[in-house]
Amino acid sequence: MRMYDVIYKKRKGEKLTEEEIAFFISSYVSGDTPDYQASAFLMACFLQDLDEEETYFLTRQMLNSGHKMDLSALEGIKVDKHSTGGVGDKTSLTLAPLIASLGLIMAKMSGRGLGHTGGTIDKLESIPGFVTELREEDFIQQSNDIGLALISQTKNLVPADKLLYALRDVTATVDHPALIASSIMSKKLAAGTDYILLDVKVGSGAFLKNIDEAIHLAKIMVSIGERAGKKTRAIISSMDQPLGYKIGNSIEVEEAIELLQDKGPQDLKELTLVLSSQLLIMAGKCKNMDKAYEVSRKHLESGYGYDKFLELVKAQGGKSLNFVQPLFERKVYAPSSGYIESFDTQAIGESASILGAGRKTKDEAIDLTAGIYLPFKIGDYIKKGDLLAKLYSSRKNVFTDSEAKLLSSIVLNQNKVKSHKLIRALVYEESGQSKVEMWS
Ligand code: URA
C-alpha cells in the first residue's frame, strides 16, 4: 500500500477501508509516513469528511497505537467524564470527588491546557506537593482504596493522537468533528472505564460555536463509544460565558473547593449536579433525573464531596491547600454602564493566557498563580466605574495587554438582557438509535 494512493482516494471523496486507515496510523507512528503526507491526509479528511464508520475505524486504529489501561482489578463501577475544552471549566475537580463519595469509581486521566482552554492537570499541580504522575499499579491501588485518582495521561496512551494533535494544531485541522471525536474517544477508550460521559461545549469559548455542530459532534462520539461496547452519553453545555467566576489554575482549584463546601457559583453547581446525575443514571444507581439530582445535591451540600477531595489531595502527596499567591494584581473598572449582552469567551481565555495561566505551545511554562476573577454573567447590570474584574499574575508586564483583551470581549446593551441557559441538550443512544433531548 502507498500513502499517496490513500491520500488521493480521500481527496476524491471516496470512503476509506479500515486497512487503509490502519496503514496511515501505523506508518505515521513508525515514522515511515512523513509529516507532509500526514498533513495532506488530514486536510483531505477535513475537506471531504469521514463518515461514521471511517471515524470509528480511525478511532480504533488510534486506540491500538499504544497501551490500554486495564481497570479490571478495580472492584466497582468505573466512570469517566470528559469535557471538549472550555474556559473556567473546573468540573472535573468538583465532579470526581462528588461521584466517588456517591460510591462510583473515577480513575481518571486528564490533560493540560492548550491555547485558550484550561486543563485539569495544570490546575491540580497548583496544589503544593500534588503529584500528577503515578505508576499504573499505584493508580489502581489508590482508585481501589478511595474510589478516586486524577493523573496525567501516561506516555504511551494513544501515541498516534499525540503526533496527530500536534500536526493538526499547526495545519488548521483541529476543529473538525470526526478528527476531534477520534482524538477524544481513542483516549477515553484507552483509559479502560465502563461508562463515558462527555461534556460537549458549545459557544464563543468552545471549539464548536453553534448548537447543531455540537450535537453532530456529540452524536459521533456517543456512537463511537457505544460501538466499542461502552455506555456513552453526552451533555451539551454552553461556553458562551466562562464557567464560575474564576479562570486560571490555583484560583480555579480555590473555586472548586468553594463549591465542594457549598459556597461556589450557581452555574458550576448546576453543571456538576447534572453531570453527577447522568453518571448515577448511566451506572444504574438512580432511575430518573429528579432522584439522581436530589441525591447528588444532598451529597454536595453535606460536604461528602469535599471530604473525598481532601482524601484525594492527601493520597497524591498534596501538602496543604495554601496556594502560592500572585505577586501582582490589577483591578479593572467598567468603562461604561449597561447589561452584559455577550462575552467572547475565547478572548477571556486568551486574556488569562496572556497573564501566564495558559500556554501557546505544549512546552511553554505557565504561571500557576495567574488568572482572572470576573464575577459577572450575561444579563447582569454593571455601572460605569464599578469593579468589573481582578487580574492576577506573578509576571509584571502582562497586565495592559490582558486588560485590553478582556475589555474587548464584553458587549454591553442599554436594554435588559435575558440570562443565559447553561445546559442545552442530552445526547444518547436507545436501541441503536441516536436520541437528542433539548433542555428547556
Ligand atoms: N481535545 C482533544 O483531546 N482532541 C481534540 O481534537 C480536541 C479537544
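The count comes to 3 cavities of 30 Å³ or more, a cavity being a set of points on a 1 Å grid over the protein atoms alone where a 1.4 Å probe fits but cannot get out. The largest cavity holds about 130 Å³ of space. It is lined by 20 residues, and H116, T117, G118, A357 and G358 lie nearest its centre; lining residues have an atom within 4 Å of a point. By class, this lining has 5 nonpolar, 12 polar (Gly is counted here) and 3 charged residues. Its largest share, 3 residues, comes from α15.

This is a predicted model, in which local features need pLDDT of at least 70, side-chain atom pairs count only at pLDDT 80 or more, and totals for chains, interfaces and linings use all residues. Residues are numbered from 1 along each chain as its sequence is written, and side-chain values use heavy atoms, leaving out hydrogens and water.

Now to the ligand. Around it stand Y165, R168, I180, S183, I184, K187 and F207, each with a heavy atom within 4 Å of it.

The protein covers 90% of the 230 Å² of accessible area that the ligand has on its own (Shrake-Rupley method, 1.4 Å probe). Both α8 (159–170) and α9 (177–190) give two or more residues to the shell, with α9 supplying the largest share, 4 residues.

Notes:
1 Å grid on protein atoms, 1.4 Å probe; cavity = no way out; pocket = protein on both sides within 12 Å on 5 of 7 lines; lining within 4 Å. Points joined across faces, edges and corners; volume = space filled by probe spheres on them.
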